[in-house]
Amino acid sequence: MSPALQGLMTIVIGVVGCVGYFYLSNQFLDKVLYPARGPNAGRNINRANLIRPWLFLFPALFALGLYLAYPVVETLRLSLTDRVPGGGYEWVGLRNYQQMMQEPKFWEAMRNNMLWLIVVPALSTAFGLLAAQLTDRIRWGNLAKSLIFMPMAISFVGAAVIWKLVYDTRPVEQDQIGVLNAIYMALGGAEPQTWLTTPFWNSFFLMIVLIWIQTGFAMVILSAALRGIPEETVEAAIVDGANPFQIFFKIKVPQIKNTILVVWTTITITVLKVFDIVFAMTNGQWETQVLANYMFDKLFRANDWGVGSASAIVIMILVMPILVWNVRNARAEMK
Amino acid sequence: MNNIAGSRSALVWIVNLCVLGLVCLWLFPTFGLFVSSFRTADQIATSGWWRAMFASEQNLTLRTAPPESQVQQGDLYVIEGNLFGDNPDAVISVWGVSSRDIDAYTPGETAELRRGGEITVQADGGYRLVNTEAFEGNRGPRVFVTATTPPELTFQNYKNILFDPANVDGMAKAFFNTLTVTIPATIIPILVAAFAAYALAWMDFPGRALLIAAVVGLLVVPLQLALIPLLKLHLGVGIGKSYLGIWLAHTGFGLPLAIYLLRNYMAGLPRDIIENARVDGATDFQIFTKIILPLSFPALASFAIFQFLWTWNDLLVAKVFLIDASGQTTVMTAQIVELMGTRGGNWEILATAAFVSIAVPLLVFFAMQKYLVRGLLAGSVK
């Protein structure tokens with residue numbers, strides 16, 4: 001069967017299946033199990049209403065449990081075991097973690113990830129804030145916003161191709177076709193640089209790609225927050241003789257502090273999961289390894305599920321503080 | 001608004017310029033790839049894409065027609081023609097007959113050939129080769145020219161990538177594979193999530209707050225953790241690496257955001273409508289399908305766009321749950337990464353392939369931006 005047909009059938013089966021499940025299970029509850037008739041009508045209605053939420057929730061809970069909650073536990077278990085040749089698993093305690101700690105590649109990934117964690121959220125938020133503030137006050141602001149926002153729609157892989165062309169290097173005697181080298185040579189550089197293979201700085205050239213993508217996201221959220229600032233506070237500051245910079249840094253930024261924090265943490269999570277950019281542009285060579293790509297290497301190239309799972313757990317541990325913070329915020333908001 | 005009168009106009013100018021600079025900076029890289037996808041391989045390799053709009057000066061090595069085309073005029077043997085063949089739009093500024101001295105002559109001048117004879121080259125590429133003896137050999141002598149060629153944009157790259165079935169680097173198959181992954185993976189989670197979101201927003205039951213907190217928590221769980229356990233599971237139950245597998249995986253990974261977005265939106269709907277419907281005897285199922293679902297359209301659209309962009313652009317999930325050794329089910333992102341490895345220097349292929357995959361999300365983005373922004377604002381945990 002052709003995949004297109006299979007896809008169409010999946011849509012139909014999926015949609016009909018879902019609707020059918022919800023409809024029939026509700027009918028069953030109301031008409032067969034606890035009919036709202038007869039001597040026990042009142043009790044039946046109450047019982048039906050106790051069960052109904054779980055009918056509505058069941059498919060989603062099942063999928064969430066199977067596809068997100070169970071893997072966390074299973075990955076933890078895998079990280080504490082090793083595969084025995086010929087099938088089965090063997091409990092090895094923390095040995096996978098020990099082995100991982102001894103690998104220089106792991107520490108390189110950790111170091112780079114820390115750099116990414118500092119640089120990308122900071123610069124994306126800063127550029128986003130700048131763009132939000134500037135575009136708010138001009139006539140073609142909305143157009144400018146959608147153009148800066150556009151990279152959000154581009155895949156990491158597409159962005160990798162786009163930026164690889166920017167970073168392209170040709171021998172010194174040829175015309176440079178990469179913008180960066182062309183500018184560098186025009187400014188009097190002696191040799192075209194191979195931006196992506198020069199250790200340490202090459203990580204930053206990869207980070208630029210993610211900053212380029214994430215700035216639009218930061219801008220959209222922060223721009224909405226800036227518009228929510230009460231007009232009076234700004235007007236009062238003008239009356240008191242504040243200049244535009246003071247208004248921005250002393251009046252506006254403090255009022256949107258929480259939103260800035262939200263943007264920062266959201267980008268932090270994206271950074272922790274960053275895989276495609278590194279995978280497509282350098283594949284972790286030339287000291288650009290990051291955790292997510294290290295993990296992919298271990299799982300699918302080295303076929304070492306133990307160490308791969310251990311590094312996945314490391315990513316999970318790094319995400320943990322934000323997870324807890326988010327949950328606490330959400331609960332506080334609901335009260 | 002927040003400026004003191006007088007300093008206003010100068011400041012507005014500066015702001016406008018800053019924004020213009022920022023926009024150019026953000027647009028420049030994408031635009032470069034876009035322009036490159038319309039240039040020929042030679043053009044991309046010899047000059048930067050920003051030159052594509054202007055006539056470019058290139059150093060070319062060309063040959064005259066072979067000796068067999070010579071004609072005898074009196075006691076002279078002559079070969080005449082145009083160095084640029086059928087495309088005589090180029091203009092020669094200088095030329096030469098030796099690779100060490102490519103700018104020895106200006107158009108109209110005559111040069112001595114080492115193998116005997118003289119050649120005159122005109123600015124438009126026309127040449128006249130004259131010798132007292134017959135030319136020998138089977139190739140004409142080389143002429144080195146520095147010529148200004150007019151800009152030339154072509155659709156050939158797109159034809160090769162999309163419509164040439166013999167092209168192994170073609171994207172047509174990958175395009176349809178991506179589409180096959182994306183559509184079910186976008187539609188199915190919406191339905192599952194909508195019911196759950198309704199229950200979490202408008203039904204009272206013990207443990208509701210806990211479940212909402214759990215959804216918020218799952219929102220940030222890295223899907224990296226799910227790769228091996230789920231692949232094991234899929235292989236165990238016989239789904240293996242297949243479309244069904246990736247549809248299920250995308251559904252699972254998309255659910256937290258879907259539930260979260262939809263619940264927040266539904267919880268904000270007016271309580272009166274729902275309670276009136278309850279009083280009138282509507283069941284929860286009717287309230288959901290007749291009232292909540294139509295009213296929630298903006299939130300549904302937001303999530304649909306997110307999920308579409310995310311599944312279309314995804315590489316990792318496809319690599320793990322779909323693409324097998326046969327390579328028949330490769331998606332565009334994976335194919336591009338492959339091309340970056342095998343065709344790293346062939347920018348005409350890379351640029352075109354990348355743009356084929358970028359085009360659809362960009363269309364969706366510009367058409368449905370309103371919903372995307374709304375979803376972002378609702379979806380970032382406040």
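At what angle do helix α4 and helix α7 of chain B pack, and how far apart are their axes?

Tutor: Happy to. One caution before we start: this is a predicted model, in which local features need pLDDT of at least 70 and side-chain atom pairs count only at pLDDT 80 or more, while totals for chains, interfaces and linings use all residues. Residues are numbered from 1 along each chain as its sequence is written, with chains lettered from A and ligands numbered from 1 in the order in which they are written.

Now to your pair. Helix α4 (residues 172-202) and helix α7 (residues 243-267) of chain B pack at an angle of about 40°, and their axes are 6 Å apart. Helices here are DSSP runs of H or I with at least four residues, strands are runs of E with at least two, and both are numbered from the N terminus. Axes are lines fitted to C-alpha atoms, for helices over the stretch in contact, and angles run from 0 to 180 degrees between N-to-C directions. Ala, Val, Leu, Ile, Met, Phe, Trp, Tyr, Cys and Pro count as nonpolar, Asp, Glu, Lys and Arg as charged, and the others, Gly among them, as polar. Two residues are in contact if their C-beta atoms, placed from the backbone, lie within 7 Å.

Another pair in chain B is α10 (residues 297-313) with α13 (residues 347-367), whose axes come within 10 Å and cross at roughly 170°. α10(B) and α13(B) are therefore roughly antiparallel (over 145 degrees; under 35 is roughly parallel, 65 to 115 roughly perpendicular, and the rest oblique). I305(B), F308(B), L309(B), W312(B) and N313(B) of α10(B) meet V360(B), P361(B) and V364(B) of α13(B). That contact has seven nonpolar residues, one polar and no charged.

Stepping back, chain B is assigned domain 1 (8-51), domain 2 (56-149) and domain 3 (160-379), with bounds from an automatic or database domain assignment. The C-alpha centres of domain 2 and domain 3 of chain B are separated by 61 Å. Chain B also has an open, antiparallel sheet of five strands in the order β2-β3-β7-β6-β5. Its edge strands, β2 (71-73) and β5 (110-112) of chain B, each pair on one side only; pairing requires at least two DSSP bridges between two strands. β5(B) joins β6 (residues 118-121) of chain B through three bridges, and T110(B) stands opposite T120(B) of β6(B).

Finally, the partner chain. Chain A gives 94 residues and chain B 89 residues to their contact, and α2(A) contributes the most on the chain A side, with 17 residues. That side divides into 69 nonpolar, 16 polar and nine charged residues. α2 (residues 41-79) of chain A also approaches α14 (residues 305-334) of chain A, their axes coming within 7 Å and crossing at roughly 130°. α2(A) and α14(A) are therefore oblique to each other, and α2(A) passes α14(A) in a left-handed crossing.

Technical notes: Left-handed = near helix turned anticlockwise from the far one by under 90°.
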